[in-house]
Amino acid sequence: MGPESDAASRQEESVDSWQNFMMPRTYAWIWSKLKLGGGCPYQAACKTGRSKLLSIPFSHFSELGLWAAEHRGLEFDERSYLPLLHVGPLFEARFARGHVNKTSVIVKGSGGYTSVPFLIHPDGSVESDSWSILEATFKIDPQDAKWHSWKTKMDKLGSLMVSVSWSGFVHDGIDHGDVGSERFDETLRWQLTQWKWFVGPLVAQLCKWDVLPMSNLATLEHGRDMLREVCDDVEEVLASQCYLSGDKFGAYDMSFCALTAFALLPPETSGSVAAVKLLDAGKLPLHGVHLGFLNEFRQRKAGQHVLMCYKKHRLGKV
Ligand SMILES: N[C@@H](CCC(=O)N[C@@H](CS)C(=O)NCC(=O)O)C(=O)O
């Protein structure tokens, strides 16, 4: 490597470390000084004897974590943050104690330290992504080969499915931040007005400029293709058994359902609430992203399975 490319790579590294650590770190510091988020979640969990689930209310990975925690019968409270506003509290909760989310791929800029869901227990132990929450609920060995290959595939599908809801927001104008104040505890409700008038429009604009990757239309097409393939596999399994997990609802079903919920909009989901309401009222934009996905996948046996599982098993919906 010559001196020029050496300098270029040093410059790239310094941009990287600014984006990965310094920017969220500054944000986390400001956040902690402003005392806007209900205080330290570790202390709150310890004091109340209840776990704290840090989430984004319309993230389907959060939906998976939430569903799994409820299914386990865990005593916990959700601490919801709207996107961008989540950066400070999540970075603060994860970075100092080294709790990186190793399976975070969507927003690389924060090095996996701002990703949701993140579950903190009263004894200070954590579950650092949706998969660890699911594995603890169903007592699954993360190294089990069949499970590992399913999880890898679902994680990739899930990352692509994020584009469905974000494209619905950015291109169809469905405000997916419209989730209802009951999803926020009193110390966090102020985010709703910030989202509506400032943060939401800002994030949408950043997505349009491709600064944030969530509503990329190429990714959306890639997601649609991958979902078709996964539906083929799922239907093959369902030809010989009632559930993907065997004769009972389990981790395979829960992960497939939660991570495809944006594409199918089951009424029981806690994720795309605004889109579900519009669908119900017959007002989902006719040529929009959501209706396109929905019409194709609701007709499939795999899609029907998701709707059935939500109806029968998503009982603890917030
Ligand atoms: N594989 C991860 C994915 C989590 C993930 O990508 N979460 C997204 C929301 S759907 C997120 O936190 N994005 C914001 C960020 O990374 O700062 C998991 O299972 O938890």
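## Two domains side by side

The C-alpha centres of domain 1 and domain 2 are 21 Å apart. Domain 1 covers 3-138 and domain 2 covers 145-313, with bounds that come from an automatic or database domain assignment. Please keep in mind that this is a predicted model, in which local features need pLDDT of at least 70 and side-chain atom pairs count only at pLDDT 80 or more, while totals for chains, interfaces and linings use all residues. Residues are numbered from 1 along each chain as its sequence is written.

## Where the domains meet

Let us turn to the domain contact. Here 25 residues of domain 1 are in contact with 34 residues of domain 2; two residues are in contact if their C-beta atoms, placed from the backbone, lie within 7 Å. On the side of domain 1 that touches domain 2, two or more residues each come from α3 (60-72), β2 (76-80) and α5 (130-138). Helices (H or I, at least four residues) and strands (E, at least two) are DSSP runs, numbered from the N terminus.

Which element gives the most to this side of domain 1? That is α3, with 7 residues. By class, this side of domain 1 has 17 nonpolar, 5 polar and 3 charged residues. In this scheme Ala, Val, Leu, Ile, Met, Phe, Trp, Tyr, Cys and Pro count as nonpolar, Asp, Glu, Lys and Arg as charged, and the others, Gly among them, as polar.

## α3 against α5

The axes of α3 and α5 come within 9 Å and cross at roughly 20°. Axes are lines fitted to C-alpha atoms, for helices over the stretch in contact, and angles run from 0 to 180 degrees between N-to-C directions. The two helices α3 and α5 are therefore roughly parallel (under 35 degrees; over 145 is roughly antiparallel, 65 to 115 roughly perpendicular and the rest oblique).

From α3, the residues Phe61, Leu64, Gly65, Ala68, Ala69, His71 and Arg72 meet Ser130, Ile133, Leu134 and Thr137 of α5. This contact of α3 with α5 has 6 nonpolar, 4 polar and 1 charged residues.

## α6 against α7

In another helix pair, α6 (145-170) packs with α7 (191-208) at an angle of about 110°, their axes 10 Å apart. That makes α6 roughly perpendicular to α7. Trp166, Phe169 and Val170 of α6 make the contact with Ala204, Cys207 and Lys208 of α7. Of the residues in the contact of α6 with α7, 5 are nonpolar, none polar and 1 charged.

## Backbone points to look at

Most residues other than glycine have a negative phi, and most peptide bonds are trans. Lys139 has a positive phi of about 50° although it is not a glycine, and lies in the loop between α5 and α6. Leu265 also has a positive phi of about 50° without being a glycine; its place is the loop between α9 (251-264) and α10 (273-280).

Are these two residues buried or exposed? Lys139 counts as exposed because it has 8 C-beta neighbours inside 10 Å, whereas Leu265 has 29 and so counts as buried. The cut-offs are 20 or more other C-beta atoms within 10 Å for buried and 12 or fewer for exposed, with partly exposed in between; C-beta atoms are placed from the backbone.

A cis peptide bond joins Val116 and Pro117, with omega about 0°. Pro117 sits in the loop between α4 (87-95) and β3 (118-120).
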